[in-house]
Amino acid sequence: MKTLLSLVLVGFVLAPACAKAPPNLTPQSVDEFNKTRVIKSIDILRDTAVIANGTVPPTISSASIRRVAQAHQSAVNVIVASATGWQATVALGLDELLTNLPANERATLAPYVALAKTLLNEVAR
Amino acid sequence: MNPLISIAIQSIPEIIALIRSAFTKANPDAPVPPDAEIHAAYLAAISDTLAKDAAILAATDPNK
C-alpha cells in the first residue's frame with residue numbers, strides 16, 4: 001500500500017513537468033491555463049482534507065478543514081486578482097497553513113502541499 | 001485500513017485524471033483548445049471551487 005501511495009505521488013509530481021500550455025494561445029490564455037492547473041492542485045489538497053475529516057476516527061479535525069478551506073479560498077482569490085507574483089503568495093499561504101496545523105494533521109497534508117508547490121514552481125518559470 | 005491509505009485511494013481518480021490531462025497536453029498532435037474554452041474552464045474552476053469553500057465554511061462555522 002505504501003508502495004502504491006509512493007507511485008501515485010511520484011506520478012503526480014512528474015505530471016506537471018510534462019504539461020505545457022498548448023501552443024498558439026494568447027498570453028492571457030496561457031496565464032488562465034496555468035492558473036486553472038494550480039487551482040485544481042490546491043482543490044485536491046482541500047478535498048483530501050475533507051475526506052480525511054470523514055474517516056473514523058477523523059484524521060483531520062473540523063477546525064482544521066475550516067483552516068484549509070479558508071486558506072484555499074484566499075489562495076484562489078489571490079490567483080484571480082493577481083497578474084504577476086501570485087505563485088509566491090500562494091506558496092507562502094500554503095506554508096502558513098501547514099504551520100498552523102497540529103503535527104499529525106500536518107504530516108497528512110504536507111505531501112499535497114508539496115505537490116501544489118511543485119506545480120507553482122513549474123508555472124512560475 | 002490505515003486512514004491515510006484510504007484517503008490516498010479515494011484521491012486516486014482525481015490524480016489519474018490530472019496525470020492523463022498532463023500527458024494529453026504534452027502531445028504536439030493533440031487538438032489545441034481555443035482561447036474561449038480555456039477561459040470558460042478557468043471561470044468554471046473558480047466558481048465551482050469557491051462554492052465548495054463556501055459550503056465547507058458554512059458547515060464548519062463555530063457560531064452556528
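Author: A salt bridge here is a side-chain nitrogen of Lys or Arg within 4 Å of a carboxyl oxygen of Asp or Glu. This is a predicted model, in which local features need pLDDT of at least 70 and side-chain atom pairs count only at pLDDT 80 or more, while totals for chains, interfaces and linings use all residues. Residues are numbered from 1 along each chain as its sequence is written, chains are lettered from A and ligands numbered from 1 in the order in which they are written, and side-chain values use heavy atoms, leaving out hydrogens and water.

Let's begin with Lys117(A) and Asp95(A), whose side chains form a salt bridge at 2.7 Å, N to O. Lys117(A) sits in helix α5 and Asp95(A) in helix α4 (residues 86–99) of chain A, so this pair ties together parts that are 22 residues apart in sequence. Helices are DSSP runs of H or I with at least four residues, numbered from the N terminus. Both partners are partly exposed, Lys117(A) at 25% relative accessibility and Asp95(A) at 30%. For these classes, buried means under 20% relative accessible area, exposed over 50%, and partly exposed in between, using a 1.4 Å probe and protein chains only.

Helix α4(A) itself has 14 residues and reaches 20 Å from its first C-alpha to its last, close to the 20 Å expected at 1.5 Å a residue; the expected span is 1.5 Å times one less than the number of residues. Its buried residues include Trp86(A), Val90(A), Leu94(A) and Leu98(A). Seen down the axis of α4(A), the buried residues fall within an arc of 135°, so they line one face of the helix; the arc is that of the directions from the helix axis to the C-beta atoms. Their cover includes α2, α3 and α5 of chain A. Turned away from the buried side are the exposed residues Leu92(A), Glu96(A) and Thr99(A).

Helix α5 has a further pair to show. Arg37(A) and Glu122(A) meet in a salt bridge at 3.0 Å, N to O. Arg37(A) belongs to helix α2 (residues 27–53) and Glu122(A) to helix α5 (residues 103–124) of chain A, so the pair ties together parts that are 85 residues apart in sequence. Both Arg37(A) and Glu122(A) are buried.

Now for a pair between chains: Asp47(A) and Lys52(B) form a salt bridge at 3.8 Å, N to O. Asp47(A) lies in helix α2 of chain A and Lys52(B) in helix α2 (residues 35–59) of chain B, so two chains are joined here. Asp47(A) is buried, with a relative accessible area of 13%, whereas Lys52(B) is partly exposed at 43%. The two also belong to a network of salt bridges linking Asp43(A), Arg46(A), Asp47(A), Lys52(B) and Asp53(B).

Asp53(B) also touches Ala69(A), which, leaving aside its neighbours within four places in sequence, is in contact with Asp53(B), Ile56(B) and Leu57(B); contact means heavy atoms within 4.5 Å. Ala69(A) lies in helix α3 (residues 62–81) of chain A and is buried at 0% relative accessible area. Its C-alpha atom is separated from that of Asp47(A) by 9.2 Å.
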